[in-house]
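Please take a moment to look over the sequence and the model shown below, and then follow the explanation step by step.

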Amino acid sequence: MKKNSKTNQDQGYVYDACVIGAGASGLVCGAVLARRGMNTLIIEQNKKSGRKLYATGNGKCNLANAVISDSAYYANGFAGSVVTEGSALLLHRYLEQAGIPLTEKNGYYYPQSLQASSVVWALTDGAKLAGCEFQYETEVYGIERTSEGGFLLKTRTTGKDAGEEETVLCNRLVLAMGSPAAPHLGSGKEEVISTLLEDLGLGYQPFEPALCPLEVAEDVSSLAGVRVRARISIGLAMDRPGFGEDLMEEGEVMLTEYGLSGIVIFNMSTMIQKGEQVSVDLLPLWEDEGKWLEFVHAQEKKRTLFGILNGMLHEKLCRYFIEKRFEEKAAKRPVSTFSDEELLDLFRNLKDWRLTVTGKKADMGQACRGGVLTQLLSPDTLQVRQDPRIAVTGELTQVTGRCGGYNLMYALISGIRAGQRL
Ligand SMILES: Cc1cc2nc3c(=O)[nH]c(=O)nc-3n(C[C@H](O)[C@H](O)[C@H](O)COP(=O)(O)OP(=O)(O)OC[C@H]3O[C@@H](n4cnc5c(N)ncnc54)[C@H](O)[C@@H]3O)c2cc1C
């Protein structure tokens with residue numbers, strides 16, 4: 001029991017509301033609940049709030065996007081009902097009142113300080129000033145329903161005196177535990193999160209890595225460090241109803257020792273499965289192979305094919321592809337020694353470089369797919385339809401956004417909505 005809590009001799013102090021998780025959504029939800037006059041306790045397993053938030057947007061915290069669209073989420077329509085033009089306005093007002101004025105670059109919103117820490121501090125101060133109590137270094141590991149219609153949370157300490165068990169009682173419950181992504185940032189453990197959802201009888205899709213780099217079967221280690229503008233397509237040959245244009249995206253791709261990285265890859269990783277192929281178009285600006293051939297023919301005949309290709313592609317890629325398609329020294333041969341058929345074949349290889357995905361770099365991921373099934377939740381309030389005393393917010397719900405501030409925008413808006421109505 002917290003030292004400053006009022007106690008009731010029969011059963012102990014009963015909070016109006018408990019929020020499990022002092023991340024983005026838990027902090028705003030707790031603040032809104034407390035402002036409504038509820039005695040609110042936020043329980044956090046880490047030593048301080050928002051550990052993951054500190055790392056967002058490379059430390060700058062990209063917390064919203066100017067483009068509001070359901071297609072920015074892999075969530076079959078649910079996220080679009082939560083993140084609307086209206087709720088985005090509400091979020092901007094909320095952040096401004098919390099002392100976080102925003103600045104925008106290419107549609108991405110950041111705090112004007114360009115420091116994620118300022119967001120963590122402002123949201124934590126906001127919750128404290130609204131009257132929330134915090135219990136840090138405390139993990140909730142089990143939940144029971146009480147005969148009075150409330151909840152008994154089983155907790156254990158995680159700090160120096162790890163393992164000390166206690167119970168906390170509350171009438172309303174907010175599940176804001178996020179996902180197990182990025183465990184090095186103190187994320188909730190998958191087995192504990194699953195246990196809590198099972199204790200409450202809430203259906204969920206198991207978590208799997210999303211927004212992460214991809215490992216591929218082919219040896220691309222010689223290309224590590226190359227950054228290239230490319231168009232990525234996945235599963236084009238497969239029947240994947242509901243995803244449509246999301247199967248193709250253009251942007252900067254980074255080649256690594258083990259495979260592919262970069263924002264475009266992160267977005268694609270959310271949908272691709274191990275064993276599937278990715279098609280990388282390394283010449284997205286050249287659609288017409290006839291025009292490309294004309295361009296090559298118009299060059300000085302004695303120039304090497306490598307030299308000509310190098311005008312449009314990173315040199316490591318030029319060498320890799322010429323030597324892969326032809327013999328080892330082909331990069332040094334004059335362009336006139338290649339037939340049209342060979343040149344077109346090279347062009348097609350560059351337009352459709354097939355790589356087989358062998359894994360996802362989960363440890364470098366920014367999110368997970370999976371979580372509490374959205375059909376169980378009301379998009380207006382994030383309350384569980386069958387038990388409105390429980391709300392589920394942020395990444396713990398079955399919503400994953402694309403890169404660009406969409407995940408934090410959803411987490412924050414869902415937290416505000418839940419706090420207003422629970
Ligand atoms: C490296 C990185 C960069 C990112 N950059 C961006 C970005 O720029 N823009 C963007 O929109 N998104 C970004 N994200 C994603 C974003 O951080 C998350 O989607 C968002 O934080 C989710 O908010 P949340 O409140 O649902 O969960 P979280 O912020 O993860 O908070 C959950 C909290 O619950 C606590 N918790 C879990 N289980 C328990 C338990 N059993 N008992 C007690 N406490 C518990 C955790 O310790 C954690 O503090 C990034 C993620 C990573 C890892």
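How many nonpolar, polar and charged residues does the shell around the ligand have? Keeping in mind that this is a predicted model, we can say that the shell around the ligand is made up, by class, of 19 nonpolar residues, 17 polar residues and five charged ones. In total, 41 residues surround the ligand, and the closest are G21, G23, G178, G188 and G394. Two or more residues of this shell come from each of the elements α1 (24-35), α2 (51-54), β7 (138-145), α6 (190-199) and α12 (406-421), and of these α12 gives the most, with four residues.

If we follow L175 and leave aside its neighbours within four places in sequence, we find it in contact with I20, L196, I390, V392 and L396.

Finally, consider how the chain is divided. The domain assignment gives domain 1, formed by 6-210 + 368-421, and domain 2, formed by 214-360, and the centres of domain 1 and domain 2, taken over C-alpha atoms, are separated by 41 Å. Where the two domains meet, nine residues of domain 1 are in contact with nine residues of domain 2, and the residues on the domain 1 side of this meeting divide into four nonpolar, three polar and two charged.

Methods
Residues numbered from 1 in each chain as written. Predicted model: local features only at pLDDT ≥ 70, side-chain atom pairs only at ≥ 80, totals over all residues. Near = placed C-beta within 6 Å. Nonpolar A, V, L, I, M, F, W, Y, C, P; charged D, E, K, R; others polar. Domains from an automatic or database assignment. Contact = placed C-beta atoms within 7 Å.
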